[in-house]
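Hi there,

Here is the structure I promised to pass on. Have a look at it first, and my notes follow below.

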Amino acid sequence: MTPYNASLLAGLFMAAYVPLTLVFDATMSRQRAVLFSMLLAVMFMPFVSIDLGGFVEFNRATALTIAVFFGVLLRDPERVFDFRPRWIDLPILIYCLVPIGTSVVNGLGLYDGLSGVLKQVLRFGGPYFIGRLFFTHAEHRRLLVRAVVFGALIYVPFCLWEIRMSPQLHKQVYGFYQHEFVQTIRGSSYR
């Protein structure tokens, strides 16, 4: 696969992710659709970042929040509006708001702080919120744990391959390294 075709493949995967998430949403239970969408993004989405202008970049971290939340708003908006925050939500709220204080204290201004807040919300607050919406009962949490274990088991052969052969799969599939290759070397093995 040439780098041009592989980069095209990465772009196609990024473009297909939102419609694919909506297909999951239309054909599966809410919890399963959320899990499939999130696992697909976390496990197989390329390390690509598309600047959408202003605050937001479309990448593997933001794509899953945007796509899944869009599906929730289309299919089940009352669940979002019925949500009531509780005291256990305070740590994630603080974590998402910290960039404002950091930015202002470092003299970077409110715009930079709000940009950081949006990134934190899309990367961490969104998945947390989606989890609070859909994994509220013990049965749903068991499904979540099974999905994480299933995802880890799917990753085992890929990890064993890259431990032995070096981290090459991202380059072989998508045509580029997500960072410098030298960063993957750890002693006589790879990370």
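The protein has eight helices and four strands, taken as DSSP runs (helices H or I, at least four residues; strands E, at least two) and numbered from the N terminus. Along the sequence they follow the pattern α-α-β-β-α-α-α-α-α-α-β-β.

This is a predicted model: local features need pLDDT of at least 70, side-chain atom pairs count only at pLDDT 80 or more, and totals for chains, interfaces and linings use all residues. Residues are numbered from 1 along each chain as its sequence is written, and side-chain values use heavy atoms, with hydrogens and water left out.

Of the 191 residues, 34% count as buried (under 20% relative accessible area, with a 1.4 Å probe and protein chains only). Pro 46 sits in the loop between α2 (30-44) and β1 (50-51). Its C-alpha atom is 7.7 Å from that of Met 14, although 32 residues separate the two along the chain.

In their contact (heavy atoms within 4.5 Å), residues of α5 including Ile 92, Tyr 95 and Leu 97 meet residues of α6, among them Leu 110, Val 117 and Phe 124.

Best wishes

Definitions and conventions. Buried means under 20% relative accessible area, exposed over 50%, partly exposed in between (1.4 Å probe, protein chains only).
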